[in-house]
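Dear colleague,

Please find below the structure that I am handing over to you. My notes on what was found in it follow directly after.

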Amino acid sequence: MACAGQSTVSANLVSVFFVAGGIVAVGAFAAGWRRDAAAAVATIPLMFAGAGIAFAGVARFAAAGGSHLVGQELAVLLAITALALVALGLGIAGREATR
Amino acid sequence: MDSLHAIGFYVSSAVLLIGGLGVALLPGRPLRGAALALSGVGLAGIYVSLSAAFAAAVALICYLACAFMVAGPQYRSVETAVSPLWRQLGALGAAALLAVLAYSAFRGDFVHASYSVGPFAARAVASLMLAHDVLATEAVAVLTVVAIAGATAAWRVRDRAR
């Protein structure tokens, strides 16, 4: 049953940018807050996630017609890069911990 | 964006931000790994609500792998030589960055953009990555191979040093 004044929930490009900026700021906050360098490495995926959300959002909300896949492609590449950097960072941190 | 996608977007954003704050604030590597896995679930939900399902699948796998490495037994903590004052200044700078981004998001005059729901499009994304932008894909592949080889070498050196 519909009632008067009913409003639909919606998200737009500003919401996507806000979430992307927020997660980048949370990642930067965690990297600065943690005393442990290995724990700070774990914040790299958070900052890359913010960048990926912004790319995917811009590609999805693009005004021109057609399929917008570049943002999705960059999001995929950023996720793989984050995994590689975490592996390398934790490996180097583990080596430094033994010295 | 219809209501179902919008609700999914906001719920996934909340999950992602809660997971990110958990990575920043929770003690112990198992809890931080769980928080990173939670943030990966939230990121995948955001990608799905933005009709980027292929990116969601890849991101979920990569972030679960990151969480496994952070929570795994190979993890060793390294104390940094940076003074607490500089670290707290960096954290305050990140908080200022969030405030500036929030202000620009609310006061900025963005163009009104239309939302178009897309298909899964794994084949189209694959052709884009392997044909059109093959150089970027190869660069990421080289980076991944070098990083995994470097991490393996570092872990082997550490095991020999014991």
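Along its sequence, chain B shows the pattern α-α-α-α-α-α. Please keep in mind that the model is predicted.

Of the 162 residues in chain B, 29% are buried. Among the contacts in chain B with a separation of 6 or more, 60% join residues 24 or more positions apart.

One helix of chain B deserves a description of its own. Helix H3 of chain B covers residues 53–71, which is 19 residues. From its first C-alpha to its last, H3(B) reaches 27 Å, close to the 27 Å expected at 1.5 Å a residue. Several residues of H3(B) are buried, including Phe54(B), Val58(B), Cys62(B), Tyr63(B), Cys66(B) and Met69(B). In general, an α-helix has 3.6 residues a turn, so residues three or four places apart point the same way.

I turn next to the contact between the chains. Chain A contributes 63 residues to the contact and chain B contributes 73 residues. On the side of chain A that touches chain B, two or more residues come from each of helices H1 (13–33), H2 (37–41), H3 (44–60) and H4 (70–97) of chain A. H4(A) supplies the largest share of that side, 23 residues. By class, this side of chain A has 43 nonpolar, 14 polar and six charged residues.

Finally, a word on confidence. Chain A has a mean pLDDT of 79, and 79% of its residues reach 70 or more. Among the elements of chain A, the mean pLDDT is highest in H3(A), at 89, and lowest in H2(A), at 82.

With kind regards

Definitions and conventions
Residues are numbered from 1 along each chain as its sequence is written. Chains are lettered from A and ligands numbered from 1 in the order in which they are written. This is a predicted model: local features need pLDDT of at least 70, side-chain atom pairs count only at pLDDT 80 or more; totals for chains, interfaces and linings use all residues. Two residues are in contact if their C-beta atoms, placed from the backbone, lie within 7 Å. Helices (H or I, at least four residues) and strands (E, at least two) are DSSP runs, numbered from the N terminus. Ala, Val, Leu, Ile, Met, Phe, Trp, Tyr, Cys and Pro count as nonpolar, Asp, Glu, Lys and Arg as charged, and the others, Gly among them, as polar. pLDDT is the predictor's confidence in each residue, from 0 to 100. The expected span of a helix is 1.5 Å times one less than its number of residues. A residue is buried if 20 or more other C-beta atoms lie within 10 Å of its own, exposed if 12 or fewer, and partly exposed in between; C-beta atoms are placed from the backbone.
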